[in-house]
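Trainee: I would like to go through the charged side-chain pairs here. Can we take them one at a time?

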Amino acid sequence: MSSRSRSRARASASARSTMITDEQIGDLVSKLQALLPEARLRTNDRVPSAKVLQETCSYIRSLHREVDDLSDRLTDLLAAADVSTAQAAVIRSLLM
Amino acid sequence: MASTSGSAAVEERGRSERKRKRGATGEHGEGTEAEPYKWRTRRVHEIYSSKLLDAIRLVRSGSPSASSSSAAAASPPRSRAVREAADRALAVSARGRTRWSRAILASHRRRIQAARRARLRDRTSSSLSSRRPFSSSASSGKGSKTPALARKAKVLGRLVPGCRKLPFPALLAEASDYIAALEMQVRAMTALAEVLSTVSASSSGGGSGSSSPA
């Protein structure tokens with residue numbers, strides 16, 4: 001309850017102090033777009049912000065899926081190999 | 001005399017270390033240009049890989065005792081435990097500067113506390129749902145934001161942990177850092193999977209693992 005009123009107060013305070021302009025939003029969106037994997041393929045002008053947000057969401061979802069698959073794979077590998085402390089040191093040096 | 005020179009030397013070392021660290025992160029460290037690149041350094045990759053390995057080994061040593069009670073459902077919870085351990089290691093590598101990392105660690109802590117309290121009360125119904133009621137996200141001054149953008153922003157806020165009620169600029173900043181961190185997580189877990197598969201293949205094929213007859 002208090003957190004909700006606090007967040008509302010913070011929101012109104014931010015509305016009064018920092019009017020978030022469309023230009024700022026567009027700037028942030030273009031910065032976000034630069035991170036997406038498809039940014040290198042297309043010309044980065046005139047991509048609507050909604051499309052960038054959509055691609056961001058689907059990219060995050062695909063990354064989540066990849067992490068889930070990798071953790072499944074690691075679980076199976078873990079079940080197969082019992083790693084002792086000596087082997088862990090070897091693995092660590094291989095990763096570096 | 002010796003003490004002052006010693007402390008001065010320590011101070012100098014600390015200052016040079018801080019300078020080196022600042023140089024490694026690029027600019028002042030808080031600049032948004034440096035933000036995505038901090039997840040691409042070799043150092044953070046090493047730190048995360050090391051933490052990931054420790055976390056996974058903890059899961060491995062923890063689950064044999066847990067799976068004794070429910071032998072059939074052993075593998076799905078273990079994969080989820082690995083995923084959560086990886087996420088927690090990622091959040092720790094973020095050094096508490098981003099909201100999503102703090103949210104991941106806070107939710108884990110809450111779950112541990114709830115489980116501990118449930119165990120203390122001998123597993124009577126003590127569902128501590130600390131989830132706050134989902135209020136509509138604050139508009140925060142951008143009256144010109146179209147509904148489509150607001151909808152997408154809400155979806156994005158649900159995807160990034162701990163960012164549901166965040167105003168739009170902060171949400172985008174958190175999302176960009178989260179994406180960079182996730183990419184590093186994928187790279188590190190892939191490398192670890194490769195290494196582990198090589199190790200397990202060699203150990204199962206060779207028979208005695210590391211020690212080979214000279």
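**Salt bridges within and between chains**

Trainee: Is B:Arg83 buried or exposed?
Mentor: This is a predicted model, and the value is computed from it. Buried means under 20% relative accessible area. B:Arg83 has 13%, so B:Arg83 counts as buried.

Trainee: Which residue forms a salt bridge with B:Arg83?
Mentor: B:Arg83 sits in helix H4 of chain B, and the pair crosses between chains to helix H3 (residues 49–80) of chain A. The closest N and O atoms are 2.6 Å apart, and the partner is A:Asp68.

Trainee: Which residues are joined into one network by salt bridges that share partners?
Mentor: The pair of B:Arg83 and A:Asp68 is a salt bridge. Salt bridges that share partners link these two residues with one further residue of chain B. The network is A:Asp68, B:Arg83 and B:Asp87.

Trainee: What is the N to O distance between B:Glu194 and A:Arg73?
Mentor: B:Glu194 lies in helix H7 (residues 168–206) of chain B and A:Arg73 in helix H3 of chain A, so the pair crosses between chains. B:Glu194 is partly exposed at 42% relative accessibility, and A:Arg73 is partly exposed at 35%. Their side chains meet in a salt bridge at 3.1 Å.

Trainee: How many residues apart in sequence are the parts that B:Arg40 and B:Glu183 tie together?
Mentor: The two side chains meet in a salt bridge of 3.3 Å, N to O. B:Glu183 is buried, at 11% relative accessibility. B:Arg40 lies in the loop between helix H2 and helix H3 of chain B, while B:Glu183 lies in helix H7, so the separation is 143 residues.

Methods: Residues are numbered from 1 along each chain as its sequence is written. Chains are lettered from A and ligands numbered from 1 in the order in which they are written. This is a predicted model: local features need pLDDT of at least 70, side-chain atom pairs count only at pLDDT 80 or more; totals for chains, interfaces and linings use all residues. Side-chain values use heavy atoms; hydrogens and water are left out. A salt bridge is a side-chain nitrogen of Lys or Arg within 4 Å of a carboxyl oxygen of Asp or Glu. Helices (H or I, at least four residues) and strands (E, at least two) are DSSP runs, numbered from the N terminus. Buried means under 20% relative accessible area, exposed over 50%, partly exposed in between (1.4 Å probe, protein chains only).
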